[in-house]
Amino acid sequence: MLLILRRKPVPILEDTFKTKNSAFKNAHLNTIYASLIRWIPRVKFTRERIENEEGDFLDLDWKQTGSKKLVLILAGLEGKSTSLYSRAAIRYSNRQGWDAVCMNYRGCSGEPNRLLKGYHMGATDDVKFTIDYILSVYDYEEIVIVGYSLGGNLALKYIGEEGEALPDQIKGSVSFSVPMDIKKSNERLNKWYNWHYIKWFMLTLNYKANQKKRQFPKELQRYKGFFMSGNFVYFDTHFTAPANGFNTVEEYWKLSSCKPYLPNIKVPSLIIASHDDTFISENCYPTEEAQHNEHLFLEITKHGGHCGFVRNFFEKQWWMEERTFQFIATLKDKTTSKTPKEKVFAEV
């Protein structure tokens with residue numbers, strides 16, 4: 001462990017992810033192994049259902065240790081509390097003495113939600129509702145939001161939207177592999193080398209969308225997805241946008257992308273992106289925003305894939321969780337006079 005003193009604001013951090021097996025220099029192996037193959041023990045959750053004013057519900061899966069500190073997990077597209085990276089983050093958080101909770105998005109907890117409206121890339125109203133609920137019922141003193149892909153977009157957009165109004169208990173965030181320009185990232189995902197990811201996502205997305213179409217045939221009359229058909233451009237145009245009240249798909253993409261909100265972030269937020277991530281576009285590496293916002297930290301790694309960052313086969317401890325808590329250890333109360341980038345922090 002090498003300690004590096006950062007006495008002046010440094011917007012772009014050194015790449016601290018190093019593979020131990022050259023096989024994981026392949027982005028696709030890193031992505032697929034982390035999401036589908038790697039073994040993580042099951043976590044026994046306590047589920048809590050919260051009802052919102054719209055008449056819908058969200059399921060929160062808790063793993064508590066009795067701490068005053070909480071990690072809120074926001075999963076990626078079609079992710080949930082039982083996803084491998086969610087379980088790994090929750091187990092590691094507990095071992096560091098933190099409580100952990102995963103906010104399952106509408107329709108992702110094993111039961112369809114009641115309304116046509118569901119979760120999407122910009123659904124920060126559900127994030128805000130969940131955090132406000134937690135703060136009203138529990139007495140946590142510190143909360144850190146950890147987001148993966150879509151969840152990272154939600155975390156950054158929520159923190160940016162709230163700005164100075166962000167609850168004092170929110171001390172910071174860590175986000176991995178964020179498609180912060182949705183339109184451009186969808187174009188990247190449509191490349192031939194990503195066809196297998198598109199088909200995998202479309203399988204469950206179309207299944208859920210067809211359930212909704214049976215409930216709301218008038219609202220979704222233009223949607224005709226079937227099993228693994230289509231792509232995100234088609235799906236967002238004919239399902240996501242109309243189901244969630246957007247006039248056009250372009251409006252959905254523009255209003256849901258977190259990148260315009262980055263300048264308004266007021267708490268330390270670490271953004272980690274890999275150069276070989278095949279999901280995100282070139283403008284999803286916010287170097288300029290990090291240079292102009294003392295609260296933003298950007299680490300661009302050479303390898304890692306999309307939410308992969310696997311170093312070796314059968315490793316029991318993930319780099320993403322280690323890096324998250326290295327960053328958490330540097331957080332300072334945002335009411336102090338020191339800026340986040342005047343902190344001394346550890347890098348591997």
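Biologist: How many salt bridges does the predicted model hold?
Modeller: The rule asks for a side-chain nitrogen of Lys or Arg within 4 Å of a carboxyl oxygen of Asp or Glu. By this rule, the count of salt bridges is 21.

Biologist: Which strands hold arginine 47 and aspartate 61?
Modeller: The side chains of arginine 47 and aspartate 61 meet in a salt bridge, 2.8 Å from N to O. The pair ties together parts that are 14 residues apart in sequence. Arginine 47 lies in strand β3 (residues 46-51), and aspartate 61 lies in strand β4 (residues 57-63).

Biologist: Is aspartate 61 buried or exposed?
Modeller: Arginine 47 has 44% relative accessibility and counts as partly exposed. Aspartate 61 has 3% relative accessibility. Buried means under 20%. Therefore aspartate 61 counts as buried.

Biologist: How many residues apart are glutamate 54 and arginine 106?
Modeller: Their side chains meet in a salt bridge, with 2.7 Å from N to O. Glutamate 54 sits in the loop between β3 and β4. Arginine 106 sits in the loop between β6 (99-104) and α3 (124-137). The pair links distant parts of the chain, and the separation is 52 residues.

Biologist: What is the relative accessibility of arginine 106?
Modeller: Glutamate 54 is partly exposed, with a relative accessible area of 41%. Arginine 106 counts as buried. Its relative accessibility is 3%.

Biologist: What separates the closest N and O atoms of aspartate 125 and lysine 117?
Modeller: Aspartate 125 is partly exposed, at a relative accessible area of 37%. Lysine 117 is partly exposed as well, at 21%. The two form a salt bridge, and the closest N and O atoms are separated by 2.6 Å.

Biologist: Which residues do salt bridges that share partners join into one network?
Modeller: Aspartate 125 forms a salt bridge with lysine 117. Glutamate 54 meets arginine 106 in a salt bridge. Through shared partners, one network joins Glu54, Asp56, Arg106, Lys117, Asp125 and Asp126.

Biologist: At what angle do helix α2 and helix α10 cross?
Modeller: Helix α2 covers residues 84-95, and helix α10 covers residues 319-328. Their axes come within 9 Å. The crossing angle is roughly 45°.

Biologist: What does that angle make α2 relative to α10, and what is the hand of the crossing?
Modeller: Angles under 35 degrees count as roughly parallel, and 65 to 115 as roughly perpendicular. The crossing of α2 and α10 is right-handed.

Biologist: Is the crossing of α6 and α7 left-handed or right-handed?
Modeller: Helix α7 spans residues 232-243 and packs with α6 at about 15°, with axes 11 Å apart. That angle makes α6 roughly parallel to α7. The crossing of α6 past α7 is left-handed.

Biologist: Which residues form the nonpolar patch on the surface?
Modeller: Leucine 203 lies in helix α6 (residues 195-215). Leucine 203 is partly exposed, with a relative accessible area of 34%. Patch residues need over 30% relative accessible area. The patch, with about 410 Å² of accessible area together, is formed by Leu203, Phe226, Phe227 and Met228.

Biologist: What is the phi of serine 149?
Modeller: Serine 149 is found in the loop between β7 (142-148) and α4 (150-162). At 11% relative accessibility, serine 149 counts as buried. Serine 149 is not a glycine, yet its phi is positive, at about 55°.

Biologist: Where does serine 177 lie?
Modeller: Phi of serine 177 is positive too, near 55°. Serine 177 is buried, with a relative accessible area of 0%. Serine 177 lies in the loop between β8 (170-176) and α5 (182-189).

Biologist: How far apart in space are tyrosine 119 and asparagine 104, C-alpha to C-alpha?
Modeller: Tyrosine 119 is in the loop between β6 and α3. At 13% relative accessibility, tyrosine 119 counts as buried. Tyrosine 119 and asparagine 104 are 15 residues apart in sequence, and their C-alpha separation is 9.7 Å.

Biologist: What separates the C-alpha atoms of isoleucine 12 and glutamate 250?
Modeller: Isoleucine 12 lies in strand β2 (residues 12-13). Isoleucine 12 counts as partly exposed, at 32% relative accessibility. Isoleucine 12 and glutamate 250 are 238 residues apart along the chain, and their C-alpha atoms are separated by 31 Å.

Terms used:
Residues are numbered from 1 along each chain as its sequence is written. This is a predicted model: local features need pLDDT of at least 70, side-chain atom pairs count only at pLDDT 80 or more; totals for chains, interfaces and linings use all residues. Side-chain values use heavy atoms; hydrogens and water are left out. Patches are made of residues with over 30% relative accessible area and no salt bridge: like charges are joined within 9 Å, nonpolar side chains (Val, Leu, Ile, Met, Phe, Trp, Tyr) within 5 Å. Accessible areas come from the Shrake-Rupley method with a 1.4 Å probe; for residues, only the protein chains shown count as cover. Helices (H or I, at least four residues) and strands (E, at least two) are DSSP runs, numbered from the N terminus. Buried means under 20% relative accessible area, exposed over 50%, partly exposed in between (1.4 Å probe, protein chains only). Axes are lines fitted to C-alpha atoms, for helices over the stretch in contact, and angles run from 0 to 180 degrees between N-to-C directions. A crossing is left-handed if the near helix is turned anticlockwise from the far one by less than a right angle, and right-handed if clockwise. Angles under 35 degrees count as roughly parallel, over 145 as roughly antiparallel, 65 to 115 as roughly perpendicular and the rest as oblique.
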